[in-house]
Amino acid sequence: MAELKITQKKSVIGGTQKQRATMRALGLRKIGQHVVRQDNSAVRGQIRVVDHLVDVQEVK
């Protein structure tokens, strides 16, 4: 199964409470920080909420 490398590119300041909670759930707290998560529908849904704040790359 593929994995996704998710990198925070913008701040959550000015974002909604839902966006802040989603970023925290993904494990992102600082700009430039990245995490690797399994590619599944739950993570894809979280990315959809904060797609303007993160960069996503597929890792094999």
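Guide: Contact here means that heavy atoms lie within 4.5 Å. The model is a predicted one, in which local features need pLDDT of at least 70 and side-chain atom pairs count only at pLDDT 80 or more, whereas totals for chains, interfaces and linings use all residues. Residues are numbered from 1 along each chain as its sequence is written, and side-chain values use heavy atoms, with hydrogens and water left out.

Visitor: With that criterion, which residues is Gln8 in contact with, leaving aside its neighbours within four places in sequence?

Guide: Gln8 is in contact with Met23, Leu28, Arg29, Lys30, Ile31, Gly32, Gln33, Leu53 and Val54, once those neighbours are set aside. Gln8 is found in strand S1, where helices (H or I, at least four residues) and strands (E, at least two) are DSSP runs, numbered from the N terminus.

Visitor: Is Gln8 buried or exposed?

Guide: Buried means under 20% relative accessible area, exposed over 50%, and partly exposed in between, with a 1.4 Å probe and protein chains only. Gln8 counts as buried because its relative accessibility is 4%. For its side chain one can then look for a polar contact, which is a pair of N or O atoms within 3.5 Å; within protein, one must be able to donate a hydrogen and the other to accept it, and residues adjacent in sequence count only if both atoms are side-chain atoms. A polar atom of the Gln8 side chain lies 3.4 Å from the backbone nitrogen of Lys30.

Visitor: How many bridges join S1 to S2, and how many join S1 to S3?

Guide: Two strands pair if DSSP finds at least two bridges between them. S1 and S2 run antiparallel and are joined by 5 bridges, with Glu3 standing opposite Gln38 in S2. S1 and strand S3 (residues 54-59) also run antiparallel, joined by 6 bridges, and Val54 in S3 is the bridge partner of Gln8.

Visitor: Which residues make up the largest nonpolar core?

Guide: In soluble globular proteins, nonpolar side chains tend to be buried together. A nonpolar core is a set of buried Ala, Val, Leu, Ile, Met, Phe, Trp, Tyr and Cys residues joined through side-chain atoms within 4.5 Å. The largest one here has 11 residues, namely Leu4, Ile6, Met23, Leu26, Leu28, Val35, Val43, Ile47, Val50, Leu53 and Val54. Strand S1 (3-8), helix H1 (17-26) and helix H2 (41-49) each supply at least two residues of this core.

Visitor: Why do the buried residues of H1 line one face of the helix?

Guide: The buried residues of H1 are Gln19, Thr22, Met23 and Leu26. Seen down the axis of H1, they fall within an arc of 100° (taken over the directions from the helix axis to the C-beta atoms), so they line one face of the helix. The face turned away from this buried side carries the exposed residues Gln17 and Arg24, while the buried residues of H1 pack against S1, S2, H2 and S3.

Visitor: What does Leu26 touch?

Guide: Leu26 is buried at 1% relative accessibility, and it touches Ile6, Val35, Arg37, Gln46 and Val50, not counting residues up to four places away in sequence. Just after H1, Gly27 takes a positive phi of about 95°.

Visitor: Finally, which residue forms a salt bridge with Asp39?

Guide: Side chains of opposite charge can pair when their charged atoms come close. A salt bridge is a side-chain nitrogen of Lys or Arg within 4 Å of a carboxyl oxygen of Asp or Glu. The structure holds 1 salt bridge; Asp39 forms a salt bridge with Arg44, with the closest N and O atoms 2.8 Å apart. Arg44 is partly exposed, its relative accessible area being 37%.
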